[in-house]
Amino acid sequence: MLSAADNELMTRVGPGTPVGELMRQYWLPALMSIELPGPDSDPVRVRLLGEDLIAFRDTDGNVGLIDNFCPHRRASMFFGRNEECGLRCVYHGWKFDVNGDCVDMPSEPAESNFKDKVKITAYKAQERNGIIWAYMGTRTELPALPDIEPNMLPDDAEQSLWTAVRDCNWVQALEGDIDTSHLGFLHLGSLKAENLAPGSFDYYTVRERTPLGYDVVDTEYGTSYGAWRTTDTDDIYWRVAHYLAPFYTMIPTSVLGVQVLVRAWVPIDDTHTMFWNICGVNPFAGGIGTGKKGQTLAGAATDVDYVPNTSDWLGRWRLEANASNDYKIDREAQKTNKIYTGISGIHLQDQALTETMGAITDRENEHLGASDSMVIKTRQSIIRAARDFQEGIVPATVDHPELYQERSGGTILPKGQGWLEATKELRKAFVDRPELVGTDKGKKG
Ligand code: FES
Ligand SMILES: [Fe+2]
């Protein structure tokens, strides 16, 4: 359990809140590059950390992210004309560039210099591999983008990038990724070990649905866990995964050493989160949670079906199956154990269970067990970072992008070896290890 005060501290992200201000120190994935498809394309409503912003791409292709409200008489910039390197408010024609400077003020006398004194709030934006990143902090000397490996692959590399809104608080959504014990139930509950390839990771997971133990540690970037199960020999099967400040996870869907997958849970506001799946795809890194099209062992596609984006503040990347239709639960499939939950697809299963805890779950009434140790440590890490930041301590991850050069995944280690030390090399990002491809014995089950 967590006190109501700590829950409040951890979950609130608006301007002036401890976690909100902390997150403003980092670059944030704000929208997909394709949402602003070309020069002078339509402006988009984007809510980020509780702030309503308008994103636009100017004539030169640069991205602007400005306050929704025009500083003149507070009309919405969403209706603006995106023309000649600026967004022009259609109320009285004031025009702002991507830096927030007022470049035209046709409603004032020509000799007036009033326009030089007016600015609109504008946040810095930059693009890398399909993601528009935003910086909402106050520094003039900006930090570097984090070394998120799948967002830094060469142009010709295969990659999978997708995003989906989740209607709950960001911590609750993120906790699903670090709660390893739900895998054998929520996602793989209908599988039987005898139908899986002996020696495969999924075989071990289903044979021993609950890990025999967890080891959870604080790290320079956040927290990590190793969860272990027995194998058919003396060796141990370890699932290794991470939380990286302020809102990233690396989950263990594939082989440690070759899996390139980072997920982000970016707060839209206190009760909505934008999920990002940033995945470097290689032929064996597919499977659960990667967003790769195809069937998983859970019997359902990993990808999700969307309804068309709307211009609503919360209208981007919404799923067709949602709380209003009970995530299209198929009770027959549940009854016959075709799908343990009756809900189709890994992502949707997680979505259904985390959203329906309530917008911000009541953590005073939880009963956390040994299997929740990663969740507990990660909450402590978030709360500590927020408190430290109030004392002026900036987390190392803000100014050390290399701290994100990590990988997660499953691996087999000899009994008696400490997983953290033994996986040190395997956890390093930006290393090619073709010899490890397929060492989870394939997903042939
Ligand atoms: S309110 Fe925008 S120009 Fe007047
Ligand atoms: Fe899950």
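A residue counts as buried if 20 or more other C-beta atoms lie within 10 Å of its own, as exposed if 12 or fewer do, and as partly exposed in between, with C-beta atoms placed from the backbone. This is a predicted model, where local features need pLDDT of at least 70 and side-chain atom pairs count only at pLDDT 80 or more, while totals for chains, interfaces and linings use all residues. Residues are numbered from 1 along each chain as its sequence is written, and chains are lettered from A and ligands numbered from 1 in the order in which they are written.

**Exercise 1. Work out whether Arg 384 is buried, partly exposed or exposed.**

Step 1: find the residue. Arg 384 sits in helix 8; helices here are DSSP runs of H or I with at least four residues, strands are runs of E with at least two, and both are numbered from the N terminus.
Step 2: count. Arg 384 has 13 C-beta neighbours inside 10 Å, so it is classed as partly exposed.
Step 3: Phe 69 is 315 residues away from Arg 384 in sequence and 34 Å away in space, C-alpha to C-alpha.

**Exercise 2. Find which residues of helix 1 are buried, and what covers them.**

Step 1: pick them out. Within helix 1 (residues 4-11), Asn 7, Met 10 and Thr 11 are buried.
Step 2: look down the axis. The three span an arc of only 85 degrees, so they lie on the same side of helix 1; the arc is taken from the directions from the helix axis to the C-beta atoms.
Step 3: recall the geometry. An α-helix has 3.6 residues a turn, so residues three or four places apart point the same way.
Step 4: name the cover. It includes helix 2 (18-23), helix 3 (170-178) and helix 8 (373-390).

**Exercise 3. Trace the pairing around strand 9.**

Step 1: set the rule. Two strands pair if DSSP finds at least two bridges between them.
Step 2: take strand 4 (residues 63-67). With strand 9 (residues 122-128) it makes 2 bridges in the antiparallel sense, and Ile 66 has Ala 122 as its bridge partner.
Step 3: move on to strand 10 (residues 131-135). Strand 9 pairs with strand 10 over 5 bridges, also antiparallel, and Gln 126 faces Trp 133.
Step 4: check the turn. Strands 9 and 10 make a hairpin with 2 residues between them, and Asn 129 in that turn has a positive phi of about 45 degrees.

Terms used
Contact = placed C-beta atoms within 7 Å.
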